[in-house]
Each structure stands twice: as structure tokens, then as C-alpha cells.
Amino acid sequence: MLPGVDCAQVECRKVIDCLLATAHPDGGPKARFFLARGARADAWEVFAGTLVEHARINPVAGVREDPAGRARLFQIDCHVRMPDDSVPCIRTVWELRAGVRCPRLVTAYPAT
């Protein structure tokens with residue numbers, strides 16, 4: 001399981017400015033996927049909770065060092081209940097920096 005999942009952090013700007021921003025160059029397709037499943041920028045905390053729940057209920061699928069060697073990146077795959085009650089398979093990636101107890105969300109997207 002993800003180390004420190006009990007204090008996992010999802011930043012407001014990560015959700016609103018990337019994961020739910022249809023105009024974002026990299027986040028647009030992710031945003032359309034998540035918005036179609038009930039995620040909303042005006043209720044970003046609900047979606048953030050969904051992402052933490054994904055990390056809480058699914059095992060870590062892979063671990064790698066970040067290119068700069070400052071953190072470990074944890075990949076989590078599989079299903080989670082979305083705000084519209086659908087249960088798609090998504091992937092989340094969490095960063096855990098050396099000496100820090102709580103991981104933070106790097107990204108989330110539909111798993112293929």
C-alpha cells in the first residue's frame with residue numbers, strides 16, 4: 001500500500017488547474033474523462049477525496065525513483081467509485097520525498 005496514505009495530499013491547484021481543466025494542454029483529455037464521471041471544480045475536495053480513496057483501497061502497482069533522485073514515485077492502478085457512482089479503472093501517481101511522511105498527488109488519468 002502507499003506509505004503515508006493516511007495523510008496523502010492533493011493540492012487544489014492540481015485538481016482545478018490540471019485534472020479538471022479542459023483547456024489545459026496536457027490535462028484536457030483527463031479533464032473530460034473525470035468531468036464525465038461527476039468530478040467538478042467547484043467541489044474539488046470531493047474529487048480529491050476520491051483520488052485519496054483510490055490510493056487507500058488499491059495496492060501499489062509500481063515504484064520508481066524520480067529522475068532527479070529526490071523522491072520515489074508510486075503508481076496505483078485500478079478501480080475507484082467516482083462522484084457519479086461509476087467505477088472506472090484509473091491510474092494515480094504519488095510522490096514521496098525523502099524525509100517526508102505524507103505523499104502528494106502528481107497526476108491521475110484513465111488507465112488503459
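Trainee: What makes Phe-33, Phe-34 and Phe-47 one aromatic cluster?
Mentor: This is a predicted model, so we work from its computed geometry. Rings pair if their centres lie within 6.5 Å. The count by this rule is 2 aromatic pairs. In one of them, the rings of Phe-33 and Phe-34 have centres 5.3 Å apart. Phe-34 also pairs with Phe-47, at 4.8 Å centre to centre. Phe-33, Phe-34 and Phe-47 therefore form one cluster.

Trainee: Why is the pair of Phe-33 and Phe-34 called edge-to-face?
Mentor: Look at the planes. They stand at 75 degrees.

Trainee: What makes the pair of Phe-34 and Phe-47 tilted?
Mentor: Here the angle between the planes is 55 degrees. Stacked needs under 30 and edge-to-face needs over 60, so 55 degrees counts as tilted. This pair links distant parts of the chain. Phe-34 is in helix 2 and Phe-47 is in helix 3, 13 residues apart.

Trainee: How do you know whether Phe-33 and Phe-34 are buried or exposed?
Mentor: Buried means under 20% relative accessible area. Phe-33 has 16%, so Phe-33 is buried. Phe-34 has 0%, so Phe-34 is buried too. Phe-47 is also buried.

Trainee: Which other residues of helix 2 are buried, and what do the buried residues pack against?
Mentor: Besides Phe-33 and Phe-34, the buried residues are Gly-28, Lys-30 and Ala-31. The buried residues of helix 2 pack against helix 1, helix 3, strand 3 and strand 4.

Trainee: What makes you say that the charged end of Arg-37 sits over the ring of Phe-33?
Mentor: The distance is one part. The charged end of Arg-37 is 3.8 Å from the ring centre. The cut-off is 6 Å, together with a direction within 35 degrees of the ring normal. Arg-37 is listed as sitting over the ring of Phe-33.

Trainee: Why is helix 1 called roughly perpendicular to helix 3?
Mentor: Their axes come within 10 Å and cross at roughly 100 degrees. Angles of 65 to 115 degrees count as roughly perpendicular, so the term applies to helix 1 and helix 3.

Trainee: Which residues make that contact, and what class are they?
Mentor: Helix 1 gives Cys-12, Val-15, Ile-16 and Leu-19. Helix 3 gives Trp-44, Phe-47 and Leu-51. By class, the contact has 7 nonpolar, no polar and no charged residues.

Trainee: How do you know whether Thr-50 is buried or exposed?
Mentor: Thr-50 is in helix 3. Its relative accessibility is 8%, under the 20% limit, so Thr-50 is buried. Leaving out residues up to four places away in sequence, Thr-50 touches Val-80, Arg-81, Met-82 and Pro-83.

Trainee: And why does Ala-8 count as buried?
Mentor: Ala-8 lies in the segment before helix 1. Its relative accessible area is 16%, again under 20%, so Ala-8 is buried.

Trainee: What makes the phi of Cys-78 worth a look?
Mentor: Most residues other than glycine have a negative phi. Cys-78 has a phi near 130 degrees, a positive value. Cys-78 is found in strand 2. Asp-85 is not a glycine either, and has a positive phi of about 75 degrees.

Terms used. Residues numbered from 1 in each chain as written. Predicted model: local features only at pLDDT ≥ 70, side-chain atom pairs only at ≥ 80, totals over all residues. Heavy atoms only, no water. Axes fitted to C-alpha atoms, helices over the stretch in contact; angles between N-to-C directions. Helix = DSSP H or I, 4+ residues; strand = E, 2+ residues; numbered from the N terminus. Parallel < 35°, antiparallel > 145°, perpendicular 65-115°, else oblique. Contact = heavy atoms within 4.5 Å. Nonpolar A, V, L, I, M, F, W, Y, C, P; charged D, E, K, R; others polar. Buried < 20%, exposed > 50% of the residue type's maximum accessible area, 1.4 Å probe, protein only. Phe/Tyr/Trp six-rings, centres within 6.5 Å; stacked < 30°, edge-to-face > 60°.
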